[in-house]
Structure formats: C-alpha cells, structure tokens
Amino acid sequence: MKLMTCSEENYSSSDANDDETRFGHTFTKGKTSAYVNNFLAPMCLPFGLKSAPQVFTKCTKPLNVFPQNSRSSGSNLHRRLSVDSTFQAQEMCTKVLKVFQQAGFFKINSDGEVTLNQTIDYEDGEHSFILTVKATDRNDSSLTSTCKVMISLKDVNDEKPKFQQRVYKFSVGENQAVGTEVGEVRAVDKDSDSVLQYSMDPGNENFCLNSTSGIITTNTIFDFENTTSYNFTVSVSDGNQSDVATVSVEIRDMNDNAPVFNASVYKAYIPENSTNKTILRNISASDRDEGQTVTYALKNKRELFSIDKTTGVLFLKNDHNTLDYERQQTYVLQLIAKDDGQPPLSGEATVEVHLTNVDDTCPVFSSSLYTVAIKENKTYNDILQVSGQVSAQDKDTPPYKLVYQVKNNEKFTFNGNKLVLENQTTLDVDNDQSTDINLTVTVTDNSIRSCNSTSVIRITVENINDNPPVINTSSCLYPIAQNSSGPLCSVSATDADLNSGSFTFFLTQSYGIFSIDTDTGELSVLPDKALKANFTYNVSLVVSDHGSPPLRSKAVIKIFVIAANNFSPVFSNKTVTVDVKEHLFPHSVYNMTATDHDNGKEGEIMYKLVEGDTAFKINPLTGEITLNRTLKCDRHDKHYTLKVEAKDQGFNPMSSTGTVTVNVINVNEEPEFKDIVFDVCVNPPIKNNTSIAKVTAKDFDSKCTGNKEDDQVTYSLIDPSQNFKINDHGEIFTAQNIASQNFNFSLQVIATDVHELNSSKTYFISSGRKGEPVIKPKVNEVNISENHTRNTIITKINATGDGKISYNIIKISKLRDAFKIDSNTGEISLLRELDREKDGDRIDMVIQASNENGNCNSQVIIHIEDVNNKSPYFTGIPYNLQIEENSFKTHRCLLTLFAKDLDLNEKLNFSIVNANLNVFKLSTVDGQPNQAQACLQINRTLDAETDPKDISLQVGVSDGIHSNDTEVKITVMDINDNLPKFNQTSYSFNVSEGVSLGGLDPPHNISAYDRDGLDKNKLRYEIIPHDNQSLPFELDPKTGALSVGHKLDRENKSFYSFEVSVQDSWKNHTASTWVNITVFDVNDNTPTFVNKNMIYSVSEGEYM
C-alpha cells in the first residue's frame, strides 16, 4: 500500500542538501515488511552530459498515519519522496536511493518506496525514527542529494491484557463486615492507551470486584464453620481482548464458637455406699472452631467429685463414706468446658448425681398372725379391711414399694397391699370343703438381697345355705314292666353346701300309684295297684334340704310302663345250608323265619344280617335273603357263612340268631381263548410238521371244584383243506407238504373241556409272495420273571427275505408301553419292570416283518413268571371281638381271620406276635395257596376282675419271606359272677348318748365291695330286723353310713347289736355282717335323793 507522497511542495537544491530537510511519517508497529514511502529523486541528465546535482522536491511535513493493521516487513509506508531535475521530464535518467541511519528497520527501492525490513513493536520502547535518504545518480555517483525523513510509530491496540498471576490467593477472617477488602487483582496491557475493565462471575454474591482498580471486597459475612474457602473466576478486558484468572479466598477461622456439651443435663445413678469410682464416661463437649482444645472443670462440689480435664470422665471422691441417701438424694454439679482460643470461650452443663438407696434392712410385718372372718360367695375389694390393715415396715423402702405375695394359695393375690381373690371371684366353702384358710404371705422390698418377712393370714369363711339340692333320677329313667310292684328305684340328691347330707323327699303328683320314702328317696309302686301298659306316668317330686332357710328343688320322673316281654324270637330252622349256583342274579337264597309268642311290639320281629358278606342282603320284615351281586365260584368265596339276628321290638328287646351257610355251586363254563386274532402267513413250499401258530384256551372251573382235571382243555381243528393239524397244546402244524405258491386257508380251532363244553375261534392262513420275509419259528414263546431287568433284550425275531427287512409290533394283548422292537434287528426289549399280580401272567403279540416285496406275521407269547415279591395282607379288618368272662370252650372259634397273598403258590402261616398273655391261639382253617383263614381260639378262662378288660392282640401272617400283622381288639365283658363282701367281719362303734339326730361325726360307715365292675356304685345296704327289734339307728342304702334316727338314752339301753346285709345288682347276690354299738354315758341327769324325807336319832354326848 502506498502512502501519500511529499511532492506537493518543491525545495531548492540547497534545501535539499540541508540535513534538516525531512519527511515526516507515522506507521504501524509490529510489521517487518511494511511499505514506508516512495522517495522520487528524478536525476534525469542528457546522455553524455555532466549531470546536474539532483534536488529532492520539498519534503512534506511529518504525517501520522493509522493503518488498520500492524505493518510487517515489506509494507509500504504510504508516502513517496520525489526529486526535481533541471532536465526535461521526458529525458531518461536513473536514480540510486539509499537509506542511512537505522536502516536495519527500513529499506527503500529505486522507486523511492520505503518499506519495513523487520517487525517494529511500539511496546519495545522506540516510538520515532529519523532516516537519511540519499539519492545518487547512477551515471555519476558524485551527483547526490540527501533528505531526512522522520517516522513516528503510532501505538495500536494489538496487545492482549494479561493478569500478573494466573491464580490469586487471598484470605479473610470469618465474621468480618461487608466491604472488607480481600485483595487486589492486576493486569497489564503493553498498549499505551489501553483502558482495562475488571469483572467476575455474575452469579458471585459473596464478593464485589472494583471494575477499575481490581480490588476485591466482601459482600457477605462469612462463617468458617460452614464454608472454609471460595473459588471464582475474574476477567479483564481492554475493550477488544480479555484475560481470565482464578481467585481462591480462604476463610480464616476465628474463635467465635464456645464449646457445646453433647447434653445439657447428664444424669448418673450410684448407690449411696459407693466409694471412689467412675460415675460418667459419656461427658463430652465439642467446639466448632477448628483446632481448639477443650478442657473440663467443675464449678462446685469439688470436695466430692472431680472431672478429668482432658477426657471429661467424672469421678466420685467419697473417701470417707459421706454420701447418705436419707440425708441427700441428689447432687447437682455445674460443668465448664473451655477452649484455648483468643479470647477463650466456654460452655456449661449440669450433672445430676442421684443416689440410690442401699437396702440394708428387711421389711417386718406388724404381726405374725392376722385373722379375718368373711362370708362365702361375697365379693371383697380388700379382704383385709374386715379386720384391719395388714402392714409391714422397712426403713429403707417406702410402703408403696413393698411387694406382698401369697405363697400357698393360687386363689388369692395382692393388689398392692390389698388382699383380693383372683379375677374378683368369691369363696365357695361348699366347693372347697373347708371353712378355714391359712395363707402364708410374704413381703419383700424387691432388693437384690431378696430380703423378706413372712406372716400368716387366717381366713374363716362362714358357710351359708346357698345351694339348692340337685336331684338325681338317673336310676329311674328305665321303663318298668306292667306287673311291677314294690320298690322301683331310688331318687338321690346332692347339695353343694358344706355339711348338708340329709334331705326330705315327697311327691306332688303320684297318681295314687307311686310313693316315695321321705328319708331315703326310694320310689315304689303301692301294693295292689295296676299299671297301664304302654303309658307314661309323669311323677312329680320335691326335695328339700335342712339348711336355714331350707332350699327346695323339683323334678319330674317319666315312668314308661311296657308290656311284659316274656319270649324271645325262635327260628323255624336255626341252622341252614343252601346251595346257590354261580352267575345267578337276581336270586333268592333262603327265607329265614322266626316266631315270637309275645303280643304287640314285643311280638314284632325285625331281621338283620349281623355277620356275612356284602354279596347278600336280607329283608328286615320278611327275613328273605337275596343276592346283591353275582356269585362266582372261586377259591376265596365259594362258601359264605351268614349270621341272621331276629329281634323283637319290645322296649327291652329280646333276640336270637340263626346261621345260613351258602355253598356256591360251580356252573360249567366253556373254555376261553386267550389269543389275539391275526392273519398267519407262511412261505411255501412248507414241509410237513412245520409249526405255524399256537392257540391257548383256559377253563377255570377247577378253582371252584378243586379238581385239576376240570381245567383240562382239548383242541380240535376243522380244516377243509386237510393241510393242517393241532396237538393237545394248541400248536398248529402242517399235516403234509404244501407246495402251492398261492393259497388262503380258513381254520376253525375248537377248545373242549372235560364236560364236552366247547368254544371255537377262526384263524386265517395265507401264502406269502416270493421275496417276502420268512420268519422262523412262526411261534416264539418266552418265559421272563416279573422282576426282569428293564431295558434288556428278551427275545429276537429272525426273518429272511429280499432286501432290507424291518420289524414292527402290530398287535399286543396289553402293556403296549412295556415292550419295544428294534425295527432293524428284530430284538424285543423290556421297557419297564413287570408286575404279574397287576399285569397278568401272559402277553400275546403279533410281530410283522416287512420288506419291499410285502410282509409276514409271527406270534410271540410271553409268559410272566411269579416272584415272591408281595407281602401277604389281612382282609376284613379291623378285627374286634367281645368275650364274656368265664366263657371257656377249647374248640370254639371266637373269630375268623382272613389273609391273602397275590403271589402264586405261597402257603400262608398265621401267628400271634405278642403272646405274653398265653391266652389265645390260632389254628389254620384253610391253608390254600395265596389265601387262608385262621381261627382265633382261647386257651383258658378269662376273668374280667383279674385279666385286662381291653386286650390288644397282634396277629401276623407270613408267606415264608414277607410278613404283615394287624391288631385284634378284644374286650372282656364282665358278668355278675362275684358276691359282695363286707370289708370287715363285724363292726363296733362307740356312740355318745347325747349325739344329735342325723349323721354321726366322725362318720360311722359300714362298707362292702364287689369285684364285678358292673356292680360299681350299685351296692345296697339294709338293716335286717330280728324279733321285731326296734332300733334307733338308720342306714344309708347307698353309702352304708350309719345315722341316729331316735334319741339315745344309755340309762335305758347301753348296747345294740344288729345284722346288716348288702346286695349287688342281682337279688340273689347278698352278704351280711353284725354291727355292735356301745352307748357312752353323758352327764344328762341331776342327782336324786333315794328318800325324800329321812329321820335320824342322836343322843347327846355322842362323838362320831
């Protein structure tokens, strides 16, 4: 770029030669190749002539030029220097221009253009330059001219301001006022005329930055404990360029927080007898100011307590046992925690030291015995208030802390110091059978020492008559016969009130037929009174006790009168044997009939099967026995024994039993084929006697008849072609050579039993085509055991023929999932274990072999052989048996046991497992294979009084390897076979003549026993009168308790002897004993003079 030239004004040569003659220029800093100016010095002279001296045109005045960008070397300074010549302008001339002085920064070309030779920076220090420009004539170097050029360097904003530090670090104390100076950031700019402006993050509300001075001040009050330092960014700008720096301000901690205890109040509990010991370890204070050390001290009570100034652990200094709970229970200590700041600050807290009382005395009852009298069935909030407070004292324990307990009676408890009954119940003397209760009570202070005291509270409970009699009419609930007379039953009563043993009985509704003993409650039918049959009498009665006031209860006895049942039903045929053919259904077996000579309900008969099988049922009205299902004659159920009961419908029914034995008669059945039908293929030519198939037929008649010959089956064959024959085993053979290549035969196989009954089956035999598979043998029989290992090969089918032959099971009688055949090899494998008892003993299958020419079938018969792998088991369980005692018959079968075994040919044996009683034995009735019966018999007589009444007999059955057992529950029925016996051979009592009427105290009982359990509580006592003897004594018929019925007078009679009898539930079972009673005298008579008046004569002077 060229500057304006300075050729507008002309100078003379003399001016041109003046060193003061200058051109003034200003250019931009920082460019090394800037164009400075163009100095024109036209020194054009005629060729061949001596050149005239060159004259610069007049230099322009100095100019300041502001280019847009800094100049680099070579840049034009935009001003041209020109020279004038005396020669014509059109004449050619040459010029040589040179720049002298500071020429290192500038250079000039032949056109007078001055350019920068290197970069000039205003900030380097030199701001103006004076150049001497010399113009020399190229042709004549002596012709020169010079000119001084002054160049001023003008500064431009080309420098970026810079912070003096990249990171400024300041600090300021916490709690300083807003506006406190934090520090100053400074930036420099080499540009001379730059104005710098400072700023910081607009979101910074904690500090202020002076935009001109760079001084940072606080804009908030800082807290070291919340934030210890702040970091933010500041920037500086000269209006064009900018710089940034980071400021980090650290908040200096000041001692502005006093230590704070972790609790305002501490509590400690120590026994009053504590000596030097640690009390509290959890005293602690913290100071939020960093680096502060806290020390602890006590403000008071230093004579008893001390605190570790470093740890804060509180100690007790009770060297002389000066603590006393009774004198002072609590000590309040003032704690101080002080930091080591400047100035030091402190905090305070309180310690409450509570003394706990040391229990060194025991509570003591005020009395060793307290007596209380209360009434039964009354509620008391505090039983002890009746006779005054039960109290105890303990110097170390306040009364409300004493704990009272009742030790020997769960009905009583203490509520505080109040004695109450559990659950607010009442006392019932009648149930407790006692009027005096002694309670052992304790009081304790509940201390570790378990210090206590004991006392006795004696409670006397007053009995009141608060229970009415309870009437028991259970012995009178049974119907009575129409011809009944005299005593029927006894009504009894009980009373829950204590010492209430006597009652008065009377009837309020008797129909004029019934009466009751007022003392004993014995209910009777009055003599010569007729009872109405099938009628119910509602007899009303009242029972009164002898309390004060007396209480009464009512009851109604329903007495049903039944007609007399005099006869039992009688079967016309008590034992019957009937033959019934199998497969008959429905069918009437037999009609059991019975007669009863009683009238009405007592003569009506109902029939019932009490023993037998569910295959039979009986009409309850007619006694006809019919079938429930078809009977099949096999080994288990070819004989049935039915026991029929005929019972009349009287109130006390009578019954009898009859027996029907049913024999199932075999009906001959035709043999049954077991094979599956399939087409038999053969491949001619076939030789004579070639086996081609096998058939099997079974006849099961022998299971019923027991004759093995009944199972025999013979086979015959109807073959129009006469090409085949059959043997006794059902094997079909060729009867001659068969050469024909194409045939179809129909064979009818006939199976005939020994009784000429037969069945038939048709088989088809066809010829195979040439090249079809040929299977040999045609019949493949295999025997395997039922526990044969699975996944093993049991047989193989062999076929020959053209090409590849494949095998397949096309028919199977059962268990398709149990077998598979290898389609390539013909090997038949067992897939799972077999169970003969479940799966059967034979499986038939048809195997087909196939190739590209066709297929052919063969027969496989698999026989499953039995393995003894099943346990025998009892049938007809559970077994229950009732036996009357003393019923001993050696050969009598008490119970028949049945057992089965699913395995073949296993003989079963029975046994008694727990034979500890040695009472029973088992005998096998039928030892047939697979099933058997055993008869349970008795070895000796059973006695219900000495032998167990309930016997659990464990019986077992075994096949020799496996066994099983079951329980037979036997109940020994008691019969009345024992007489009652008195406990003593005789009884002697002493009775005071002044005894009150009623029961004796202590009781005088005459007791007996009966070994028969059925007579329990059924013994009846009675005084046997002799010679019209009148006795003042009475005997309770139930208990045998002796009582006084009339006042005794020893002076009239001092000794009594009478006989007492006892009877059990059978009237002929009685026993007797004698009772002797001696009457003791009491002082119940006043003295009496023998003579009312007596006269004696005495002489004077006599000395006695």
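**Exercise 1.** Find what joins the side chains of arginine 1011 and aspartate 943.

*Solution.* Start with the contact: arginine 1011 and aspartate 943 form a salt bridge, 3.9 Å from N to O. That term asks for a side-chain nitrogen of Lys or Arg within 4 Å of a carboxyl oxygen of Asp or Glu. Strands here are DSSP runs (E, at least two residues), numbered from the N terminus. Finally, arginine 1011 is partly exposed at 43% relative accessible area; partly exposed lies between buried (under 20%) and exposed (over 50%), with a 1.4 Å probe and protein chains only.

A quick note on the model: it's predicted, so local features need pLDDT of at least 70 and side-chain atom pairs pLDDT 80 or more, while totals for chains, interfaces and linings use all residues. Residues are numbered from 1 along each chain as its sequence is written, and side-chain values use heavy atoms, leaving out hydrogens and water.

**Exercise 2.** Work out which parts lysine 299 and glutamate 348 tie together.

*Solution.* First, the side chains of lysine 299 and glutamate 348 meet in a salt bridge of 3.1 Å, N to O. Then look at where they are: lysine 299 is in the loop between strand 24 (295–298) and strand 25 (305–307), glutamate 348 in strand 28 (residues 346–356), so the linked parts are 49 residues apart in sequence. Lysine 299 is partly exposed, at 42% relative accessibility.

**Exercise 3.** Say how many salt bridges the whole structure has.

*Solution.* A search of the whole structure turns up 18.

Notes. Helix = DSSP H or I, 4+ residues; strand = E, 2+ residues; numbered from the N terminus.
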